[in-house]
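Work through the following exercises with the sequence and the model at hand. Each task is followed by a solution in steps.

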Amino acid sequence: MDSEIEIQQAKNNACVQTDNLAIPVWEDTSGFDPNWLTLIRQYQQDLFPPHLMKKESIKPWFVYYFNENDKAKSTYGCRLCKEYYDQLKLNPVHKPVLANPEGTLKRDRHQNTNTISKHRLSKSHMAVIAALKASKRKT
Ligand SMILES: [Zn+2]
């Protein structure tokens with residue numbers, strides 16, 4: 001008699017599993033366009049660290065703002081910090097430069113390497129991810 005209940009439970013479980021398959025925004029790499037690497041190589045090779053740009057770890061957050069009018073002045077930022085830093089009401093004092101909608105570009109490769117390599121583990125970026133995780137748990 002409880003087979004019907006079991007079927008219902010199985011359906012419920014199936015729903016839960018489907019939900020779990022959805023990639024959370026902080027792991028979603030679909031926003032990363034591989035063509036950016038070609039553009040960087042073409043117009044800003046001296047400003048970006050090629051090895052770093054190929055790392056999987058930058059793909060969930062790195063965003064390239066290609067400047068059609070001044071290609072060598074194209075900037076970059078953090079998709080997650082830009083989208084969510086203010087929305088999550090995090091401390092504006094610690095808002096990272098990569099959260100600016102216009103992005104940033106340092107004047108040499110060394111500084112850009114520093115900015116890109118340190119961002120993922122920076123306090124502000126990690127605060128965004130922690131807050132996103134917490135808000136997801138609530139829903
Ligand atoms: Zn960030």
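**Exercise 1.** Which residues in helix H5 (residues 109-119) are buried?

Solution. This is a predicted model, in which local features need pLDDT of at least 70, side-chain atom pairs count only at pLDDT 80 or more, and totals for chains, interfaces and linings use all residues. Residues are numbered from 1 along each chain as its sequence is written.

Step 1. Apply the burial cut-offs: a residue is buried if 20 or more other C-beta atoms lie within 10 Å of its own, exposed if 12 or fewer, and partly exposed in between, with C-beta atoms placed from the backbone. Helices (H or I, at least four residues) and strands (E, at least two) are DSSP runs, numbered from the N terminus.

Step 2. In H5, the buried residues are Asn112, Ile116 and His119.

Step 3. Viewed down the axis of H5, the buried residues fall within an arc of 75°, so they line one face of the helix. The arc is that of the directions from the helix axis to the C-beta atoms.

Step 4. On the face turned away from the buried side, H5 carries the exposed residues His110 and Lys118.

Step 5. The cover over the buried residues of H5 includes helix H3 (50-53), strand E2 (75-78) and helix H6 (123-138).

**Exercise 2.** Describe the order of the elements in the chain and the confidence of the model.

Solution. Step 1. The chain has 6 helices and 2 strands. From the N terminus on, they run α-α-α-β-β-α-α-α.

Step 1. Buried residues make up 19% of the 139 residues in the chain.

Step 2. Of the contacts in the chain with a separation of 6 or more, 63% are between residues 24 or more positions apart.

Step 3. The mean pLDDT (the predictor's confidence in each residue, from 0 to 100) of the chain is 89, and 84% of its residues reach 70 or more.

**Exercise 3.** Which residues of the largest nonpolar core touch the most other members?

Solution. Step 1. A nonpolar core is a set of buried Ala, Val, Leu, Ile, Met, Phe, Trp, Tyr and Cys residues joined through C-beta atoms within 7 Å.

Step 1. The largest such core has 14 residues, and Cys78, Leu80, Cys81, Tyr85 and Val128 touch the most other members. At least two residues of this core come from each of E1, E2 and helix H4 (79-84).

Step 2. Not counting residues up to four places away in sequence, Tyr85 touches Leu90, Lys95, Ala99 and Val128.

**Exercise 4.** Is Tyr65 buried, exposed or partly exposed?

Solution. Step 1. Tyr65 lies in strand E1 (residues 62-65).

Step 1. Tyr65 is partly exposed, because 16 other C-beta atoms lie within 10 Å.

Step 2. Leaving aside neighbours within four places in sequence, Tyr65 is in contact with Ser74, Thr75, Tyr76, Gly77 and Gly103. From Tyr65 to Thr75 the separation is 10 residues in sequence and 5.1 Å in space, C-alpha to C-alpha.

Methods
Contact = placed C-beta atoms within 7 Å.
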